Amino acid sequence: MARSNLRKLRFSAQEAGSAAEGKPATAEVSGIFSMSQFRKMLCQERKRSERSRKPLLLALVDGKDVNQTNGSTGIVQKIGICLRDQVRETDFAGWYEEGLVFGIVFTELGDTDVKAAINVIQTKITACLQKAFSPVYLNSILISFYAFPESVGSNGNGTKTHLTPVLYPDVFEIGKKKRLSLLAKRAIDVAGSSFALALFSPLLAALAAGVKLTSKGPVFFKQERIGKFGEPFQFLKFRSMRVSNDSGIHQEYVKKFIAGKAGPTEQGGKQTGVYKITNDPRVTWLGKIMRRTSLDEIPQFWNVLKGEMSLVGPRPPIRYEMEAYDVWHRRRLVEVKPGITGLWQVRGRSRTTFDEMVRLDLKYSKTWTPLLDAKILLQTPRAVISGDGAY
């Protein structure tokens with residue numbers, strides 16, 4: 001018996017957000033949503049899943065190769081009609097890419113094991129297609145599955161699992177609408193980071209010498225941080241801690257902080273109002289000064305110049321921080337690049353709870369404009385000089 005070619009469909013960020021410009025139009029069919037309707041409903045269900053914590057499953061059936069083989073969109077449309085009848089009343093089907101990629105969203109999976117659900121659904125889809133099409137077409141059909149919420153961190157074979165752009169078509173739609181503004185943001189990032197690196201070059205040299213003379217170890221602290229869509233990058237700071245220290249102190253505090261179980265720290269028997277480790281034994285005396293004044297952050301202008309960060313955006317988390325996130329927290333890594341400064345830095349920094357910080361990040365991504373970036377950049381020097389919430 002012929003089998004369809006089942007393998008994972010790999011989308012780049014650009015492909016996931018591409019519109020159907022130049023794509024062949026398809027006739028409206030009852031029970032099958034257009035691309036714009038389907039993507040809108042997918043986004044709604046994803047946000048509902050964030051709140052309910054009930055997983056959903058997106059199945060994509062790619063018929064691009066069928067088009068090339070057959071020279072017609074009729075076969076792909078027939079695929080959609082065939083699969084439409086495989087959904088429950090709570091599910092919905094439509095075009096992820098008009099006339100090319102057909103999608104089905106299976107909602108409210110509840111406590112069902114996602115892998116088991118994929119096996120059952122894959123079997124049903126394959127059986128349906130085998131009845132309706134000849135092996136010539138089946139071998140050109142690609143089927144892929146994407147579960148939400150996604151697993152993050154390291155999987156069994158040691159490779160990293162990132163957030164999947166396919167599940168966030170709304171982000172790319174917004175990106176297309178704000179294309180000119182985003183180009184302006186990148187231009188400002190390049191110009192601003194280049195200027196800052198040149199301006200602070202004497203200070204960079206002085207701080208590098210100070211770090212080297214006051215403690216053993218490298219001048220710069222390099223750490224894997226998580227960028228947009230969970231992509232890792234090497235984050236740069238001046239080293240403010242002693243080498244060979246145990247990160248367990250920070251990991252334990254971070255997990256409590258994210259879970260809302262860490263209260264404001266105390267100094268001298270009084271609450272500081274600061275949600276951060278204020279007397280970290282790992283930090284050197286020079287490191288405390290650099291942290292208080294944010295001078296340890298200056299090397300991050302190099303990350304901005306490389307395009308890994310922006311001047312303004314959410315702070316990039318460490319992987320173990322991301323692994324402790326609630327589902328809705330992850331949205332701060334989806335909509336904008338991480339930045340050196342942001343709403344959190346100019347509105348209290350470590351004096352806010354983690355949930356408050358995330359809400360500020362989401363507010364920034366939702367209301368972002370070049371003018372908002374300018375306002376935050378102008379407010380940042382005052383926040384740095386005051387040192388409020390910085391430790």
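Me: Which residue caps the N-terminal end of helix 5?
Reply: This is a predicted model, in which local features need pLDDT of at least 70, side-chain atom pairs count only at pLDDT 80 or more, and totals for chains, interfaces and linings use all residues. Residues are numbered from 1 along each chain as its sequence is written, and side-chain values use heavy atoms, with hydrogens and water left out. A side-chain oxygen lies 3.3 Å from the backbone nitrogen of Lys115, where a polar contact is a pair of N or O atoms within 3.5 Å, one able to donate a hydrogen and the other to accept it. The capping residue is Asp113.

Me: What end-to-end distance do the C-alpha atoms of helix 5 show?
Reply: Helices are DSSP runs of H or I with at least four residues, and strands are E runs of at least two, numbered from the N terminus. Helix 5 covers residues 114-132, and the expected span is 1.5 Å times one less than the number of residues. For its 19 residues the expectation agrees with the distance between the end C-alpha atoms, which is 27 Å.

Me: What arc do the buried residues of helix 5 cover around the axis?
Reply: Ala117, Ile118, Ile121, Ile125, Thr126, Cys128 and Leu129 are buried, buried being under 20% relative accessible area, exposed over 50% and partly exposed in between, with a 1.4 Å probe and protein chains only. An α-helix has 3.6 residues a turn, so residues three or four places apart point the same way.

Me: Which exposed residues does the opposite face of helix 5 carry?
Reply: The face in question is turned away from the buried side of helix 5. Its exposed residues are Thr123 and Lys131.

Me: Is Glu108 buried, exposed or partly exposed?
Reply: Glu108 is found in the loop between strand 5 (101-106) and helix 5. Its phi is positive, about 50°, although Glu108 is not a glycine. At 41% relative accessibility, Glu108 counts as partly exposed.

Me: Which residues does the cis peptide bond join?
Reply: Most peptide bonds are trans. Here omega is about 0°, and Pro149 lies in the loop between strand 6 (142-148) and strand 7 (153-154). The cis bond joins Phe148 and Pro149.
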